[in-house]
Amino acid sequence: MRSTRGLLLLSSLAFTACQQHTVVEQKREANVLEGVAPAQEKPQTSRENGDAEGQKPSPYKLYPPIFTVEASSLPEPGHAFQFAYAPNSERPYQTVFVYVVAAIPNFEDAEQAPVFTSEFEAEQFMDQWATEFAQDPQNTVKLEALTKSFQWSVDAALIDDKEAVIPEVLLKGQPNYVNLTQRFKARRFTFKAPGETAVKAIINGVERSQVRFAIQAYTQAEEDAGKARYNDPTTGCVGCHGRDGAGGQGAYIKHSSDNFAFLTDEQIAGYFRDSKYPNGEDFLDGMHKWPVADAQEERALLAYLRNSTPVFDKILDLLGLSSFALGARSEIPSLRAWSPYR
Ligand code: HEC
């Protein structure tokens with residue numbers, strides 16, 4: 001999904017270790033919680049670490065743990081997450097935002113980062129690493145303590161901030177190594193006023209990570225005009241997208257303010273004005289160009305799209321929980337009705 005650009009999924013860190021040094025990884029380095037890593041053992045060679053029968057070396061010893069805190073999703077470098085606000089909007093502008101406190105293998109300081117040829121191989125590695133991690137009970141104690149000391153700093157003038165509980169059942173559906181090495185902290189943000197702000201993660205009183213949010217102002221009249229244009233029975237978007245963008249004939253996609261948070265106004269307008277993907281490539285073979293009367297109408301549509309209901313599964317997607325959740329949602333009664341937005 002394009003909107004997961006900038007996404008940081010700790011569960012795939014192992015796989016990315018063998019790939020290019022990304023911006024996200026640079027950010028990870030910056031966020032490492034200095035002083036909480038156990039005394040670093042000098043990386044050993046595989047021979048030193050394996051036993052006489054030629055067993056695989058201990059990944060835990062080769063890559064001793066570092067503790068880190070990360071936002072589960074990040075906008076592109078230098079950008080802010082874009083949300084909107086209109087007074088008296090019938091649906092509150094909301095998102096659920098998640099931080100992850102985690103122990104991860106220290107590939108950066110290793111003589112050699114492991115090379116994986118598949119995601120499966122990387123997962124196997126992580127499973128073994130996490131199992132060894134959990135064998136030292138001190139590690140788990142440390143992880144719990146850091147999670148407990150975790151605090152958010154949110155600008156109360158712009159954002160109404162409440163805890164969002166991620167159901168146990170979703171966390172249980174995670175791979176074992178995630179359960180052993182990661183803790184999730186979720187907050188539900190409701191945007192109260194326009195402005196620019198940064199949400200900060202604080203651990204043991206020290207700021208560890210921050211993500212910028214830009215909350216744009218729309219008037220209620222703009223939002224209403226956008227809604228009318230969208231749902232117009234003859235010229236509207238409703239024919240394909242369903243009423244209120246709820247998904248419909250042909251376009252089985254729900255607009256989600258969470259998806260749009262990754263995009264500028266220009267990029268969103270690009271979809272329906274120029275039939276272009278945010279990266280400029282042709283979208284739907286150039287067939288998704290719709291008449292927009294003027295800049296005012298375009299802005300109205302943007303106001304309306306930015307107010308689309310955030311999609312539940314998108315949040316889970318950011319957590320790397322979605323494929324499980326999709327199945328679980330229909331099978332588990334308590335989940336069927338669960339929404340982080342209540
Ligand atoms: C003829 C059918 C049709 C009409 C009419 C239509 N769309 Fe779409 N639209 C689609 C399809 C198909 C997709 C792609 C769905 C997918 O990727 O699964 C799409 C995708 C989009 C997307 C990107 C997906 C996202 O993140 O929400 C936006 C934005 C969008 N449409 C806005 C509009 C707007 C605004 C209008 C009216 C001005 C409109 N569309 C009218 C068929 C249509």
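**Reading helix α6, a sheet and a helix pair**

Me: What covers the buried residues of α6?
Reply: A residue counts as buried if 20 or more other C-beta atoms, placed from the backbone, lie within 10 Å of its own, as exposed if 12 or fewer do, and as partly exposed in between. The cover over the buried residues of α6 includes β1, β3, β6 and β7 (195–203), together with α5 (119–135). Helices (H or I, at least four residues) and strands (E, at least two) are DSSP runs, numbered from the N terminus. This is a predicted model, in which local features need pLDDT of at least 70 and side-chain atom pairs count only at pLDDT 80 or more, while totals for chains, interfaces and linings use all residues. Residues are numbered from 1 along each chain as its sequence is written.

Me: Which residues of α6 are buried?
Reply: N139, L143 and L146 are the buried ones. They lie on the same side of α6 because they cover an arc of only 65 degrees around the axis, the arc being that of the directions from the helix axis to the C-beta atoms. On the face turned away from that buried side, α6 carries the exposed residues P137, Q138, V141, E144 and K148.

Me: How does α6 lie against the strands?
Reply: Helix α6 (residues 137–149) lies across β1, β3 (94–105) and β6, and runs at about 155 degrees to β3. Axes are lines fitted to C-alpha atoms, for helices over the stretch in contact, and angles run from 0 to 180 degrees between N-to-C directions. Contact here requires C-beta atoms, placed from the backbone, within 7 Å.

Me: In what order do the strands of the open sheet stand?
Reply: Strands of a sheet pair through backbone hydrogen bonds, either parallel or antiparallel. In this model four strands form an open sheet in the order β1-β3-β6-β5, with antiparallel pairing; a pair needs at least two DSSP bridges. β1 (65–71) and β5 (159–163) are at the edges with a single partner strand each, so one side of each has no neighbour in the sheet. On average, neighbouring strands are turned by 20 degrees against each other, direction ignored.

Me: How many bridges join β5 to β6?
Reply: Five bridges link β5 with the antiparallel strand β6 (residues 182–191). K162 has R188 in β6 as its bridge partner.

Me: At what angle do α12 and α13 pack?
Reply: The angle between α12 (residues 265–274) and α13 (residues 295–306) is about 105 degrees, and their axes are 10 Å apart. That makes the two helices, α12 and α13, roughly perpendicular; angles under 35 degrees count as roughly parallel, over 145 as roughly antiparallel, 65 to 115 as roughly perpendicular and the rest as oblique. D265, I268, A269, F272 and R273 of α12 meet E298, L301, L302 and L305 of α13.

Key:
Two residues are in contact if their C-beta atoms, placed from the backbone, lie within 7 Å.
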